[in-house]
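Let's take a walk through this structure together, from annotated spans down to one helix. Please have your viewer open as you read.

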Amino acid sequence: RPTVVVVGAGQAGAEAAVALRAQGYGGRVVLVGEESETPYQRPPLSKELLAAGGERVDCALYPASHYPDRDIELLSGERAEGIDREGRTLLLASGRELPYDALVLATGARPRALTVPGAGLAGVHTLRTLSDARDLRSRLYGARDLVVVGGGFIGLEVASAARTLGLDVAVVEVRDRLMGRSVSEPVSRHLAELHRRNGVRVLLAREVTAVHGEERRVREVELDGGERIAADVVVAGIGAVPNTEIAARAGLAVDDGILVDARLRTSDPAVLAIGDCARFPSRHGLGRHAPVRLESVQNAADQARAAATTVCDPEGGADYDAVPWFWTHQYGVRLQIAGLTAGHDRTVTVGDPAGGRFSVFCFRGERLLGVESVGRPADHAITRRLLAGSRHSLTPESVAAPGFDLKQQQL
Ligand code: FAD
């Protein structure tokens, strides 16, 4: 019986297994995941699950019965160690061997570790897994001072959740603005104001140089210049590193992600890679079809379906071309991003920034790269559709013109 083996039972891996069945794949589907939990979603880990009352949040992606009902063999708590490409066999740490016809790598990413002196003290956390989130939650309950290192998506969501628990929170960001890799300057500014209004100490262009403790527990964080701030919990949200080792050991092409083509095939066409671990050509990036690696639920889920199509229909099917989109919730405010806005050189803001409802249209020259919307879900939905096509006529001039109405663009 032909067999697809999927490595990594996170968002991308679980969705790929489910999509194979939804698309009519009749062979064996084996889903191998090193975590012991049934596949779950990560977005709630830094939001609802940490906030007050979060212990009741259920993060499961599907009910446990979903997998056996679809004849998907879910092997939890099993780590894949190696790939015998010639023999088309996946080797597990347990010694088990799984022959495959197609292999899908969905190994995700892991948090970049804080490397300053003292980073190994108890109370210094990163956040990726359900077990990380439970540890952090139990540490936050009863704590007083949280220092978040890194003003990106995860750090800011943790800061927001910790405020609902009543902690004193400081965010230390090495760049001169929050979420500098992900959003435009007006949105960064808005977020900084939002956090300050909610009582967070936002320290920009500052660097954490050491963590100090007593009896192996964190007590203070030291910044450049020697200033020390109180901390009984530290969360480092300083980026993620793709899990590419298994691919590299098998001789597959890797460069900050497992390199894949537009059908999500690695340098070995029997092996695909999807989700946070994969780097793929995208027409939505700055350089047309330049390889990008994205960390989002949209990307994981859409690539899972596209990989299933590549497996089911290797000659047919279309290139992966989904419009990237992202979201974050902080203090009940919803920021949504359509497209890849990094590298823009012009922005046009519409709406009411002071009232907390606005969208920033990001252009490179005349080309619309994406739109960042705060409290304007309709702008987000429409621009996602416009970016999916190629015939919209949005330019910096048309968006800035008096009477501009995005809804008119929907044709
Ligand atoms: P993962 O979900 O990380 O799954 C990979 C799995 O593979 C893991 O379970 C890992 O243990 C396993 N694995 C790795 N190597 C092996 C091996 N050798 N053998 C067996 N198993 C292995 N995205 C959004 O769009 N919106 C959000 O609001 C949002 N919030 C987030 C909040 C947090 C706290 C985090 C951590 C991420 C968030 N993301 C969000 C990002 C999103 O969750 C990821 O992009 C998505 O989970 C990627 O799916 P993936 O399957 O590629 O990786």
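This is a predicted model: local features need pLDDT of at least 70, side-chain atom pairs count only at pLDDT 80 or more; totals for chains, interfaces and linings use all residues.

Residues are numbered from 1 along each chain as its sequence is written.

For residues 325–408 the figures are 20% helix and 43% strand, with the end C-alpha atoms 22 Å apart. Helices (H or I, at least four residues) and strands (E, at least two) are DSSP runs, numbered from the N terminus.

The largest nonpolar core has 67 residues, and Leu146 and Val234 have the most contacts inside it. Helix α4 (residues 153–164) gives the largest share of this core, 7 residues. A second, separate core of 53 residues includes Val30, Val32, Leu90 and Val260. Such a core is a set of buried Ala, Val, Leu, Ile, Met, Phe, Trp, Tyr and Cys residues joined through C-beta atoms within 7 Å. A residue is buried if 20 or more other C-beta atoms lie within 10 Å of its own, exposed if 12 or fewer, and partly exposed in between, with C-beta atoms placed from the backbone.

Next, find Leu127, in the loop between β9 (124–125) and α3 (130–140). Why does Leu127 count as buried? Because 21 other C-beta atoms lie within 10 Å. Beyond its neighbours within four places in sequence, its contacts (C-beta atoms, placed from the backbone, within 7 Å) include Leu45, Pro111, Ala133, Leu136 and Ile154. Leu45 is 82 residues away along the chain, yet the two C-alpha atoms are separated by 7.9 Å.

Finally, look at α3 itself. Its buried residues are Ala133, Leu136 and Leu140. They cover an arc (that of the directions from the helix axis to the C-beta atoms) of only 70°, so they sit on the same side of α3. An α-helix has 3.6 residues a turn, so residues three or four places apart point the same way. Ser131 and Ser138 are exposed on the other side of α3. The cover over the buried residues of α3 includes β9, β10 (145–149), α4 and β16 (233–236).

Key
Two residues are in contact if their C-beta atoms, placed from the backbone, lie within 7 Å.
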